[in-house]
Amino acid sequence: METNEKITVTSPLLPDLGDFNEMLQEIWKSRWITNNGSFHQQLESALVDYLKVPYVSLFTNGTLPLITALQALRITGEVITTPYSFVATTHALWWNGIKPVFVDIDEKTGCIDPNKIEAAITPKTTAIMPVHVYGKPCDVKSIQDIADKYGLKVIYDAAHAFGVEVNGESILNAGDLSTLSFHATKVYNTIEGGAMVMHDAKMKQRIDYLKNFGFAGETEVVAPGINSKMDEIRSAYGLLNLRQVDKAIEARHQVAIRYRQELKDVDGITYWNDMVGVRHNYGYFPIFVDAERYGMTRDDLYFKMQKQGVYGRRYFYPLISEFSTYRSLPSASRENLPVATKMAEEVICLPIHHVLTDQDIDRVLNCIKR
Ligand SMILES: *Cc1c(COP(=O)(O)O)cnc(C)c1O
C-alpha cells in the first residue's frame, strides 16, 4: 500500500516533554517569566560556550536582531546585500530607511560574490550585509578586505549558520555583528527566537539596552530602543534543545550522505559537497535541476514530488529582488543578478531533518531518480 504521509522539508527539534515540564515548574515557582531571568542568562552563557563566541544577546526572533544591529551601528544610506536569501534580510534594511543594493552571488556557494561588491559601492554605502546562505560560509576574508578598504561595517545574517565553523573557528566571529534565527524551521530552535553575536562587552551592553526599550536603569533611557526580549519559557526550551542539537546535526549529516550517494549519477541534478575544513550544520540540502539535461523543469519536478507527498521548498525563489517592494530598485534587475536568477530557477531544497527515516529518504529519491 502506498503511504500518503507527508514528508516535509524540515521537522522541529523538540525537547523531551518531561524535562521541559520540570523546568516549567521551576519557572512557575520563581514567578519570573521574562526580563533577563535565570534561564535567559543560562542560555546566553551556554550559547557562548557552544558557539565559541565572546558574547551573545538573545532575541525574540531572528528578524529583530538584524534591525537592531543596523540601529546599533547607526547604519544609513545604502547597504550592499544579496537577493538570494529569506526576505527578512532586506526588510531589515527597509525598516531602517536604508536603500538595499543587490549584488550577485557566487555559484559555488550561493553567497554574495566578493568580486562584484566593489562595483556597487557609492559614496552613500555604509555597510555590507551578506548571508551565509544554507549555512555555507561566505568568503569572509575578501569581504572584510573590501570593508576595511572603504571603511564599511559588515553585518552577517547568520540565520542559517548555527554552529558552523571554519578550521575550528566559529563563522559567527566574522564581521562587526552576526545574527541568528532560532525559528522552528531552523537547525536549532526556541520555537520563535534569535540572537546577536558581538565581539565586546560594550556592544553587548548597548544591544541589551536596545532590545529593552533603551532602558539603562529604572529611570534612564539611553536610546530609542525596541522590545525584542526572549522570555524564560523559551529560554528553558532552548537550553534543553542545545543538549541534543549535536545529535540532530549528525542525523542530518547522515541524510546528506545518502542523498549525495544516490544522486551522484542522476544526469541534470547537481548538489554541493561539504567544504574542506568546514563544520556544516546540514540545515538545508539544495539540489539544482538543469531542465535540459534532466528532461524536466524544476517546477515540474517540484510539483511531481508534491503529488507523491514530498514537500521540498524552492528556497530562495523568487529572489528578494523580484518582490514588488524591491523590484523597482536599479540593482534588482535580472541583468545585474544572472547567477542568482539562474539559481533561484533551478533550486529545490530536499527534506532534511533529524527524524527522517530511510524509507522517507527512499521516497524522496524515487521522485527524483528514473
Ligand atoms: C529565518 C530567517 C530570518 C528570520 O528569522 P525569524 O526568526 O523567522 O525572524 C532572517 N534571515 C534568514 C536568512 C532566515 O532564513
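A polar contact here is a pair of N or O atoms within 3.5 Å; within protein, one must be able to donate a hydrogen and the other to accept it, and residues adjacent in sequence count only if both atoms are side-chain atoms. This is a predicted model, in which local features need pLDDT of at least 70 and side-chain atom pairs pLDDT 80 or more, while totals for chains, interfaces and linings use all residues. Residues are numbered from 1 along each chain as its sequence is written, and side-chain values use heavy atoms, with hydrogens and water left out.

View A. His 160 puts a polar side-chain atom 2.7 Å from a ligand oxygen. Ser 181 has a side-chain N or O atom 2.7 Å from an oxygen of the ligand, and for Lys 186 that kind of distance is 3.1 Å. The protein buries 92% of the 380 Å² that the ligand exposes when taken alone (Shrake-Rupley method, 1.4 Å probe).

**View B. The shell around the ligand.** There are 14 residues around the ligand, with Thr 63 and Asp 157 among those that come nearest (a heavy atom within 4 Å). The shell splits into 3 nonpolar, 9 polar and 2 charged residues, with Gly counted as polar and Tyr as nonpolar.

**View C. The largest cavity.** A cavity is a set of points on a 1 Å grid over the protein atoms alone where a 1.4 Å probe fits but cannot get out; lining residues have an atom within 4 Å of a point. The largest cavity holds about 180 Å³ of space. Its lining has 17 residues, and Tyr 134 and Arg 260 are among those nearest its centre. Helix α7 (232-263) and strand β13 (285-289) each give two or more residues to that lining.

How values were computed
On a 1 Å grid over the protein atoms alone, a cavity is a set of points where a 1.4 Å probe fits but cannot get out, and a pocket is an open set with protein on both sides within 12 Å along at least five of seven lines; lining residues have an atom within 4 Å of a point. Grid points are joined across faces, edges and corners, and a volume is the space filled by probe spheres set on the points. Helices (H or I, at least four residues) and strands (E, at least two) are DSSP runs, numbered from the N terminus.
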